[in-house]
Structure formats: C-alpha cells, structure tokens
Amino acid sequence: MADKDKWVRLSQSILKAELKRRGIGYRELAEKLTAMGTPETDRNIANKISRGGFTAAFFLECLIAIGVQSLRLQD
C-alpha cells in the first residue's frame, strides 16, 4: 500500500468519525459550508469523501463547520 493511500484513508476516517460523533449528515454539512461561504451540495461532499479527493483546506473547512475545536491524531 502506498503511503499516500494511508493518508487518504486517515483523512476520510477522521472526517467521517467527526461527522458521526456529532450526528451530522452530508446535507447538514453542505448547509453549514454554504453558510460559511463555501457552496457545496450533499452529493458533492459524498463524492469527495468517498474517493478521498479533497484538499486539506476542504478538510479543515468541514471540521470548523461542524464545530471541531481540537483533534487527536494519535493515542
């Protein structure tokens, strides 16, 4: 497995876990991002997350939109 694949999966897992932890679906995330000035659709978000094709900026915008204030990357 390539190192890049490891990081893609990690970023997907973190984002999905934070959404689940807060009970936020893709539609609500899309609304929150749009309110922040980053127009997104729930379908577009689902596609980005499922293929891991998102930037670090998108990752951070999502985390901020759902209220993540701190993130633990390792135990």
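**Close-up 1. A56 is found in helix α4, in a model that is predicted.** Helices are DSSP runs of H or I with at least four residues, numbered from the N terminus. A56 has a relative accessible area of 56% and is exposed; exposed means over 50% relative accessible area, buried under 20%, and partly exposed in between, with a 1.4 Å probe and protein chains only. S11 lies in helix α1 and, at 18% relative accessibility, counts as buried. In sequence, A56 and S11 are 45 residues apart, and their C-alpha atoms are 8.9 Å apart in space. Leaving aside residues up to four places away in sequence, S11 touches F54 and F59, where contact means heavy atoms within 4.5 Å. Residues are numbered from 1 along each chain as its sequence is written, and side-chain values use heavy atoms, without hydrogens or water. Because the model is predicted, local features need pLDDT of at least 70 and side-chain atom pairs count only at pLDDT 80 or more, while totals for chains, interfaces and linings use all residues.

**Close-up 2. Helix α4 (residues 56–65) has the buried residues F58, F59, C62, L63 and A65.** These buried residues fall within an arc of 165° seen down the axis of α4, so they line one face of the helix. The arc is taken from the directions from the helix axis to the C-beta atoms. A56 and I64 are exposed on the other side of α4. The cover over the buried residues of α4 includes α1, α2 (26–35) and α3. G67 follows α4 and has a positive phi, near 90°.

**Close-up 3. In α2, the buried residues are L29, A30 and L33.** Down the axis of α2, its buried residues fall within an arc of 100°, so they line one face of the helix. R27 and A35 are exposed on the other side of α2. The buried residues of α2 pack against α1, α3 and α4. Just after α2, G37 has a positive phi of about 100°.

**Close-up 4. The axes of α2 and α3 cross at roughly 110° and come within 8 Å.** The two helices, α2 and α3, are therefore roughly perpendicular to each other. Axes are lines fitted to C-alpha atoms, for helices over the stretch in contact, with angles from 0 to 180 degrees between N-to-C directions. Angles of 65 to 115 degrees count as roughly perpendicular, under 35 as roughly parallel, over 145 as roughly antiparallel, and the rest as oblique. Y26, R27, L29, A30 and L33 of α2 meet D42, I45, A46 and I49 of α3. This contact of α2 with α3 has seven nonpolar, no polar and two charged residues. Ala, Val, Leu, Ile, Met, Phe, Trp, Tyr, Cys and Pro count as nonpolar, Asp, Glu, Lys and Arg as charged, and the others, Gly among them, as polar.

**Close-up 5. In the largest nonpolar core, of 17 residues, L15, L19, L29, L33, I45 and F58 touch the most other members.** Each of α1, α2, α3 and α4 supplies at least two residues of this core, and α4 gives the most, with five residues. A nonpolar core is a set of buried Ala, Val, Leu, Ile, Met, Phe, Trp, Tyr and Cys residues joined through side-chain atoms within 4.5 Å. Not counting residues up to four places away in sequence, L33 touches T38, P39, E40, I45, F58, E61, C62 and A65.
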